[in-house]
Amino acid sequence: MVHISLRVLVGNSRKSLLPDGQCSASVNRRWNKPGAILFKSMKKTQQPMNPDDYMRLAIAMAQKVPRFPFGAVIVQRETGEVLAKGYNRSSRNPTVHGEIDVINRCAAAHVNIDWTALDLYTTAEPCPMCQSAIAWSGIATVYFGTSIPFLQQHGWRQIDIRAEEVARRTPFRQTTVIGGILEAECNALFEAAQRRGEQA
Ligand SMILES: [Zn+2]
């Protein structure tokens, strides 16, 4: 029992953490605590990811479609696990923005998931369609980089309603909208697309 727990907890680092023969009671107490599951998949050297790290993943998805650099990822807040990645596929279906794509992929891959335990990261502020989809899904927090006003100023077609307003006027949800995550990097994606004259 003890040895099984230790292997799960620390993997190959067991010797450095717990020399042979040392009492493992403290580890087992930690293992029994709520939230100890976090240790299960985290190696000793891994650091918890922060919003910038997840936005970098969204940027990487956006770079798959440089003409429409809207990328998004969905993350399980407690474990930090990335559950789905998506990007703008409007060339095939005009309604499949990056957020819609990642929500659809998450729904397909994770049946009966608790959506309120999830956060969404997107390179640009969700349009009213996407923010509404986020509300209907139940996703608790949205992090975005580039703002709708920035997109408008750079020639991108946008419906002139901010994501925060959609969230505020959705009485059945308490969605938090947080902008400005890696904003300069995200803005650069859309400026590059604009320079190519390929904006929507
Ligand atoms: Zn949208």
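**Core, sheet and helices**

The largest nonpolar core of this predicted model holds 40 residues, and those with the most contacts inside it are Met 55, Ala 58, Val 73, Ile 74, Val 102, Leu 120 and Tyr 121. Helix α5, residues 51–62, contributes the most to this core, giving six residues. In soluble globular proteins, nonpolar side chains tend to be buried together.

Met 55 shows which parts of the chain meet here. Setting aside neighbours within four places in sequence, Met 55 is in contact with Tyr 121, Tyr 143, Gly 145, Ile 181 and Leu 182.

Next comes the sheet. Its five strands are arranged in the order β2-β1-β3-β4-β5, forming an open sheet with mixed pairing. At the edges are β2 (82–87) and β5 (176–178), each of which pairs on one side only. From one strand to the next, the twist averages 15°. Helix α5 packs on this sheet and touches β1, β2, β3 (118–124) and β4 (141–146); the direction of α5 makes about 140° with that of β1.

Strand β1 covers residues 71–76 and is joined to β2 by five bridges, with the two strands running antiparallel. Val 73, one of the core residues listed above, has Lys 85 in β2 as its bridge partner.

A further helix, α6, spans residues 98–109. Its 12 residues reach 17 Å from the first C-alpha to the last, close to the 16 Å expected at 1.5 Å a residue. Buried in α6 are Gly 98, Glu 99, Ile 100, Asp 101, Val 102, Ile 103 and Cys 106. The buried residues of α6 pack against β1, β2, β3 and helix α7 (128–137).

Notes. Residues numbered from 1 in each chain as written. Predicted model: local features only at pLDDT ≥ 70, side-chain atom pairs only at ≥ 80, totals over all residues. Core = buried A, V, L, I, M, F, W, Y, C linked by C-beta atoms within 7 Å. Buried ≥ 20, exposed ≤ 12 C-beta atoms within 10 Å, placed from the backbone. Helix = DSSP H or I, 4+ residues; strand = E, 2+ residues; numbered from the N terminus. Contact = placed C-beta atoms within 7 Å. Pairing = 2+ DSSP bridges. Axes fitted to C-alpha atoms, helices over the stretch in contact; angles between N-to-C directions. Expected span 1.5 Å × (residues − 1).
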